[in-house]
Amino acid sequence: MLPPSAVPVEGDLLLGGCSLKTIADRFGTPAYVLDETALRERARRFRDAFTSLHPKTTVCFASKAYPSVSVIGLLVEEGLGSDVVGAGELMMALAAGADPAGIVMHGNAKSDLDIQAALDAGIGRIVVDGFDDIDRIAALATAVTPVLLRVSPGIESATHSALATGGVGAKFGIPVDQVPAAIARIEREPLIRLDGLHAHIGSQIFELDQFEAAVAALATLPRFGVYDLGGGLGVPYVPGDPIVTVERWAERLVRAVHRHLGADVELLVEPGRSLVAPVQVTAYRIVTIKHGVRTHVAVDGGMGDNLEPSLYGQRFAPLVVGKWRGPTQTVELVGRHCESGDVLVSGVDLVEPEVGDLVVVPVTGAYCFTMSNNYNGALKAPVVFCRDGVARLAVRRETYDELLAREVGVGAAD
Ligand SMILES: Cc1ncc(COP(=O)(O)O)c(C=O)c1O
């Protein structure tokens, strides 16, 4: 489950040629440690997988999966566009050097501020998610504004319910039966140009048939020149999880597009999780071990830096760094936060865990940095890029001053 450059060695783990022990000593724990070469290679692989089959494809990184200027910037360097939600992610993509023309903006509840920011930046397309978006764009636009229309295709994708976005009753997009009315509404607006349709059915999906079903659902609607098929491809987190390569995903999506929509359309895809998840590990230090009915091995992070287990029961496969073989104990790998639900992995076999050991949790490159938080005053963890034996701090750890910085009311009793 470790990133491609990982080499377990005696007492340590090398990542991008860098010693994890040294990184932990230098930057502290918890820390997100990212294999930069693997990320660049993955970006190229995604781009090539699609453009080799359908040259008119833009791969836009779904920046919600890793909203860091450093990560987005690296993917921009590799020629990817950006999918942003709202003004905040737009700001990050622009700071990362993204070409506004290659940015699409999503959001099921875009405010005037979000839409104004998109218009000011002159982004490629705003994705209309509901009728209120149409009203807002019409009210704010001063020039012709290209949009896509997000369709809710009514597909119950085979994933955790918290990750399904395209089923009947989803909060995202416009149900198929309301799409003709939305198109008619847009067509009455002189400053909105409808270029095409969008569908995204959820995240961590391995059933390729479901992606094809979404394309087929779009084909029941009026034809356009542009189709954005979102992201959603699943990745393995633990041994035994299915493996569906980006090449297979691209092959099925493009084949479905050619069959149902035509070979001449412009295509966009928005991978997030599948692009970034496998290239990062999180490094923790074991703080305490309690033996009882269960053995609790507690580390210095948890739901403050990885909400995936609590939010949608994601399993991970942690390892004690340097203890690659030996007798194992079945333990609860828990965090330091005041919730019994703060369990990184329940019932996991670890090799002789001891206080002070480093633990790595692989496949944390998607949505962990995104959802990091300050629960119990935790400082948000740093991001360290590793490449060719050089460890580079991309995002530093938050400070206690920053934790207090927004408290403008301190001492202002009235
Ligand atoms: C519109 C849209 N596109 C792309 C994605 C990225 O999905 P994933 O990270 O599963 O690839 C999401 C995330 O849910 C999304 O809402």
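User: What do the buried residues of H3 pack against?
Analyst: They pack against helix H2 (36-51), strand E5 (57-62), strand E6 (81-85), helix H4 (86-95) and helix H10 (273-276). Helices here are DSSP runs of H or I with at least four residues and strands are E runs of at least two, numbered from the N terminus. Keep in mind that this is a predicted model: local features need pLDDT of at least 70, side-chain atom pairs count only at pLDDT 80 or more, and totals for chains, interfaces and linings use all residues. Numbering starts from 1 along each chain as its sequence is written.

User: And which residues of H3 are the buried ones?
Analyst: Helix H3 covers residues 69-77, and its buried residues are Val71, Ile72, Leu74, Leu75 and Val76. Buried means 20 or more other C-beta atoms within 10 Å of the residue's own, exposed means 12 or fewer, and partly exposed is in between, with C-beta atoms placed from the backbone.

User: What follows H3?
Analyst: Gly79 does, and its phi is positive, near 90°.

User: Zooming out, how many helices and strands are in the protein chain?
Analyst: The protein chain has twelve helices and 21 strands. Its radius of gyration is 22 Å, close to the 22 Å from the globule rule for 414 residues, so the chain is as compact as a globular protein of that length. That radius is taken over C-alpha atoms, and the rule is 2.2 Å times the number of residues to the power 0.38. The C-alpha trace spans about 65 × 60 × 40 Å along its principal axes. Buried residues account for 49% of the 414.

User: What about contacts along the chain, how many join residues at least 24 apart?
Analyst: 70%, counting contacts between residues at least 6 apart in sequence. A contact means two C-beta atoms, placed from the backbone, within 7 Å.

User: Which domains does the assignment give?
Analyst: Domain 1 is 7-35 + 277-404 and domain 2 is 36-276. Those bounds come from an automatic or database domain assignment. The C-alpha centres of the two domains lie 31 Å apart. Domain 1 puts 25 residues into the contact and domain 2 puts in 22 residues.

User: Which elements supply the domain 1 side?
Analyst: Strand E4 (31-35), helix H11 (308-312), strand E20 (383-387) and strand E21 (390-395) each supply at least two residues. E20 has the largest share, with four residues. By class, that side has 17 nonpolar, five polar and three charged residues. Ala, Val, Leu, Ile, Met, Phe, Trp, Tyr, Cys and Pro count as nonpolar, Asp, Glu, Lys and Arg as charged, and the others, Gly among them, as polar.

User: How about the nonpolar core, which residues have the most contacts inside the largest one?
Analyst: Leu20, Ile23, Val33, Leu149, Ala283, Val360 and Val384, in a core of 122 residues. A core here is a set of buried Ala, Val, Leu, Ile, Met, Phe, Trp, Tyr and Cys residues joined through C-beta atoms within 7 Å. Helix H9 (residues 246-260) gives the most to this core, with seven residues.

User: Pro353 next: buried or exposed?
Analyst: Pro353 is buried, because it has 21 other C-beta atoms within 10 Å. Pro353 lies in the loop between strand E18 (343-351) and strand E19 (358-362). Beyond four places in sequence, its contacts are Ile286, Ile289, Val297, Val320, Gln329 and Val331.

User: And where does His160 lie?
Analyst: In the loop between strand E9 (145-152) and strand E10 (174-175). His160 counts as partly exposed because it has 15 C-beta neighbours inside 10 Å. His160 and Tyr312 are 152 residues apart in sequence, yet 6.4 Å apart C-alpha to C-alpha.

User: Last one, how many residues surround the ligand?
Analyst: 16, and the closest are Ala62, Ser203, Gly231, Gly272 and Arg273. A residue is near the molecule if its C-beta atom, placed from the backbone, lies within 6 Å of it. The shell divides into three nonpolar, nine polar and four charged residues.
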